[in-house]
Amino acid sequence: MPAFQRATVVSVSARQTSEEIIPYSQGLTGVNLWLNDITGYSLLSSLALCIFLILFFRLALLTQSYIRLLATIGSDRTRLRFWEQESPTWSKIQKHLLIAPLLQSRHNRELRLIRNIKIGTVPSRVHTLFICFYACTNVVYCCLLDYHGQPRAALLAEIRGRTAHLAVINMIPLFLFCMRNNPLIWMFGISFDTFNLFHRWIGRILVIEVLAHTFIWGTNKFNAIGLQGLKDSLADDKFLLLGLISSVSMVAIFFQSPSIFRHAIYEIFLHVHQFLAIGALVAGFLHVQHHDLPQVPIFYFLMCLWASERFLRIYRILRYNVSRRGITKVTVKALDGGACRITFCTPRAFRPAPGSHLYAYIPRVSAHMSHPFSIAWTDVVNPFEKLEGPTPVDSGASSPSGMRSPSGEHPPTNGHQEFDMDLRPIQRKGSNTSCVISVNGGMTASLYRRASASPTGTITMTAFIEGPYGGAETLRSYGTVLLFAGGVGITHQLSLMKDLVDSSIAGICPTRKVVLVWIVKKAEMIEWCSDWLQELTVLAESSQAEYESGVEVKILLYVTQQKEDDEGAIVLEKQRRWSIGTNIYYGRPNLKDIVKHEVRVRVGALCVGVCGPGGLGDGVRQASREAMGKGAKIDFWEESFTW
């Protein structure tokens, strides 16, 4: 055959191949809708199975905790010994799976490229299992294709449809896990920090699927009409342009979200992140709506989910901050050591659970931005006010379990107490909710500068709080509670201590011993919470003198960056004058020795909790794991926010 005839045949063959490919580069041609639905439902079912197993596990733990609580309320120390012994099987599960870091001991201590450049944390062992399981299910469902009996273009079209459908399905947990009002948080007792970790990893999986969808579409399109035709299609076709905008927004989030950017410019990161997320959602919705694709109802659900969560947040803000008596005010006091104590005076009663946190809006400082702060102390005015007559309870104490009269004398204990009180119902007042925040730049630095510049060291302005959130820890069933705090991590532990002391005095929990280990850099930092610690120690000392159900409070203070002969020693001497059962040491604590000692002298079941820097959390975790498996009942938890 002459050369020109062979060229004509090849040209006709190529033209015919392009005409065959074009239908598979657009629309639903080649897309297996039935199998898309099956794999989408299967992916959600896999997630639902995990949720069911975690919920079952959570209910089992709550049941055990409740039984232990009922069995030990009002018990003496001899009866509490039954709960001191561990279950060997459960101890191994805890030690090697539930609280174990991925490899050795590093979990929340952040990885660093150099001194000031952080690149994130290492997931724990159980977190890694979930992430790997979820990623593998996505890979499997993407690969369930008809590999026989169809041309290459049709196979690529099927992959294109599958990756797009699973990417949209993955948006459901992606949106749910980043929400403050995620119902799974209180159902499972799992922290927002953990769901935030899953949010980041699901987002990465979603971006990979979106990229696969885009490049596979581009492959078919390029094979059909070439590079110039591909460019013309993107410029002229609104459907394709919207899809490209959504894909580019998601890829931009992927490169914008690493830890190094979140820590360096968090407020800018958050604004850009939210803007790109909204852009990806809206463009994706318009993309599928343009051709009325099967994913349209999922986008409607996502938008309803996002809107309902926002309305719930607005409701929380209005509920506690706005009333006929006014709106919330915040008083900011500058503290030595680079911190502020902020007290929110709300017009309505605000009753957070122990271990809760809130989000603070201070328009004058941060406009519409909100920042999370752990709640250290809350004073709620009683709806019945004492109008006249004596009372055995010190009205100056915030705890309902105050044990002394204003004169310092103990009330009569002849079986019942008589009061001359007029308990007329009055209008319920609000609450004073206090937090201690460290200065880390941005809003916190601005608050500190403003308060320091004031002649009195304090400023007052309008604010709003959103919450409370968290408070998943249930410690009332333990005989001994050992709490570690680093710096402002004391705020989270204080609320737990206050609840345990009040509950023990009221006789509704069997806790007999609470040990706090607070690690600070400088001595003046002890003043951040000295009045609250004093109140707790006084109440505990009084309860031991008055009731058999009294609780012992022991506080160990460690100052790591000062020596005993420094100027801070004067401050420490001041602390010794008010502290009851408080010991102050210089240098870093030996975490393993502290845990071992408290295990030896424990009363009942022991719970170890930590809130502070990642290095402290990893150290306490390692010390607790080493103490497990040796006969003592030990539970461990860590409160962190690795944003």
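Visitor: How much space lies in the second largest cavity?

Guide: The second largest cavity holds about 40 Å³ of space, where a cavity is a set of points on a 1 Å grid over the protein atoms alone at which a 1.4 Å probe fits but cannot get out, and a volume is the space filled by probe spheres set on points joined across faces, edges and corners. Bear in mind that this is a predicted model, in which local features need pLDDT of at least 70 and side-chain atom pairs count only at pLDDT 80 or more, while totals for chains, interfaces and linings use all residues. Residues are numbered from 1 along each chain as its sequence is written, and side-chain values use heavy atoms, with hydrogens and water left out.

Visitor: Which residues line that second largest cavity?

Guide: Its lining, meaning residues with an atom within 4 Å of a point, consists of Glu86, Ser87, Trp90, Ser91, Gln94, Ala632, Lys633 and Ile634. By class these are three nonpolar, three polar and two charged residues, with Ala, Val, Leu, Ile, Met, Phe, Trp, Tyr, Cys and Pro taken as nonpolar, Asp, Glu, Lys and Arg as charged, and the others, including Gly, as polar. Helix H4 gives the most to this lining, with three residues; helices (H or I, at least four residues) and strands (E, at least two) are DSSP runs numbered from the N terminus.

Visitor: And which residues of H4 are buried?

Guide: In H4, which spans residues 88–98, the buried ones are Trp90, Ser91 and Gln94, where buried means under 20% relative accessible area, exposed over 50%, and partly exposed in between, for a 1.4 Å probe and protein chains only. They lie on the same side of H4 because they cover an arc of only 105 degrees around the axis, taken from the directions from the helix axis to the C-beta atoms. The face turned away from that buried side carries the exposed residues Pro88, Thr89 and Lys92.

Visitor: What covers the buried residues of H4?

Guide: The cover includes helix H2 (33–72) and strand E18 (634–639), with contact meaning heavy atoms within 4.5 Å.

Visitor: What does Thr163 touch, and is it buried or exposed?

Guide: Thr163, a residue of helix H6, counts as buried at 4% relative accessibility. Leaving aside residues up to four places away in sequence, Thr163 touches Cys142, Glu209, Ala212 and His213.

Visitor: Switching to packing: which residues touch the most other members in the largest nonpolar core?

Guide: That core has 48 residues, and the ones that touch the most other members are Met171, Phe175, Phe177, Leu206, Met250, Phe299 and Leu302. Among the helices that each supply at least two residues to it are H5 (125–143), H6 (152–177), H9 (238–256) and H12 (296–321), while H8 gives the most, with eleven residues. A nonpolar core here is a set of buried Ala, Val, Leu, Ile, Met, Phe, Trp, Tyr and Cys residues joined through side-chain atoms within 4.5 Å.

Visitor: What's around Phe177?

Guide: Not counting residues up to four places away in sequence, Phe177 touches Leu47, Asn182, Leu184, Phe192, Phe195, Asn196, Phe198, His199 and Ile202. A second, separate core of 39 residues includes Tyr478, Val514, Ala605 and Cys607.

Visitor: Which residues of H18 are buried?

Guide: In H18 (residues 591–600), Leu591, Ile594, Val595, Glu598 and Val599 are buried. Their positions fall within an arc of 135 degrees seen down the axis, so they line one face of the helix. Among the elements they pack against are strand E13 (480–486), strand E14 (513–520) and helix H19 (614–627).

Visitor: Last one: what should I check in the backbone, given that most peptide bonds are trans?

Guide: A cis peptide bond, with omega about 0 degrees, joins Gly467 and Pro468, and Pro468 is in strand E12 (residues 464–470). Asp292, which is not a glycine, has a positive phi of about 50 degrees; Asp292 sits in the loop between H11 and H12 and is exposed, with a relative accessible area of 62%. Ala367 also has a positive phi, near 55 degrees, and is partly exposed at 45% relative accessibility.

Definitions and conventions: 1 Å grid on protein atoms, 1.4 Å probe; cavity = no way out; pocket = protein on both sides within 12 Å on 5 of 7 lines; lining within 4 Å.
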